[in-house]
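Please work through the exercises below with the sequence and the model at hand. A worked solution follows each task.

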Amino acid sequence: METKKKPYEVTPKGTVVYAGEYEFMLPPLGWNIFWPEGEDEGEFAFGFIRRDPGSFPSQSVFAYDEEPFGCSLTFEGREREFFKRFLWNAILKFEVLERKKVQVLGREGLSVTVEGKDPVKKEKAKAKVIFTKRGERIVAFYITQWRPMDGNYDPSAFEVFDRFVESFRYLKKSFYETL
């Protein structure tokens with residue numbers, strides 16, 4: 001039986017080095033790392049998931065994505081392209097709650113917070129997407145928190161996500177930056 005090697009290691013200083021390319025602080029206990037495998041491979045680089053208290057679908061998920069949906073090289077263009085396909089199979093219509101320019105990894109970025117509702121399934125989701133650049137390419141960090149329609153969002157998950165983004169570092173140039 002073949003065992004698959006984990007693509008990350010925890011350092012003595014409490015950070016995670018993922019695939020030898022990224023370093024970031026571990027989220028608190030309760031958040032579990034995952035990476036795409038099989039048919040989902042390539043959807044995003046890696047992420048964290050937490051089952052939240054409450055009835056289905058109460059959970060929070062955040063991820064780093066090297067190739068977010070779309071191909072525009074502007075933040076506004078990529079935002080439009082991204083939200084056409086983001087959670088496409090959930091049938092959510094998103095309403096923008098906040099859009100602002102931000103600094104991410106010492107570079108300019110765009111933060112967009114949205115909420116979508118599905119009255120048929122009686123579910124809702126709040127998401128925050130942060131677009132920034134790695135070289136000339138747009139990358140994204142995002143968190144999605146799912147709740148039943150009458151459930152409350154947990155702001156602490158968004159705080160964990162923000163700390164993750166603030167701690168994130170590239171350890172080497174991407175393939176595209178070496179061309």
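The model is predicted: local features need pLDDT of at least 70, side-chain atom pairs count only at pLDDT 80 or more, and totals for chains, interfaces and linings use all residues. Residues are numbered from 1 along each chain as its sequence is written, and side-chain values use heavy atoms, with hydrogens and water left out.

**Exercise 1.** Determine the strand order of the open sheet formed by four strands, and identify its edge strands.

Step 1. Strands are DSSP runs of E with at least two residues, helices are runs of H or I with at least four, and both are numbered from the N terminus. Two strands pair if DSSP finds at least two bridges between them.

Step 2. Strands β1 and β2 run antiparallel and are joined by three bridges; Y8 has Y18 as its bridge partner in β2. Four residues separate the two strands of this hairpin, and G14 in the turn has a positive phi of about 85°.

Step 3. Four bridges link β2 with β3, again antiparallel, and V17 is partnered by E23 in β3. This hairpin has three residues between its strands, with A19 in the turn at a positive phi of about 55°.

Step 4. Strand β3 (residues 22-25) pairs with β11 in the antiparallel sense over two bridges, where Y22 has Y170 as its partner.

Step 5. The order is therefore β1-β2-β3-β11. The edge strands, each pairing on one side only, are β1 (8-10) and β11 (169-170).

**Exercise 2.** Which element lies across β3 and β11, and at what angle does it run to β3?

Step 1. Helix α2 (residues 155-167) lies across both strands.

Step 2. Its direction is at about 140° to β3; axes are lines fitted to C-alpha atoms, for helices over the stretch in contact, and angles run from 0 to 180 degrees between N-to-C directions.

**Exercise 3.** Is E79 buried or exposed, and which residues does E79 contact beyond its neighbours within four places in sequence?

Step 1. E79 belongs to helix α1 (residues 75-85).

Step 2. Buried means under 20% relative accessible area, exposed over 50%, and partly exposed in between (1.4 Å probe, protein chains only). E79 is buried because its relative accessible area is 7%.

Step 3. With contact defined as heavy atoms within 4.5 Å, E79 touches V96, R99, L110, V112 and F131.

Step 4. The side chains of E79 and R99 make a polar contact (2.8 Å). Such a contact is a pair of N or O atoms within 3.5 Å; within protein, one must be able to donate a hydrogen and the other to accept it, and residues adjacent in sequence count only if both atoms are side-chain atoms.
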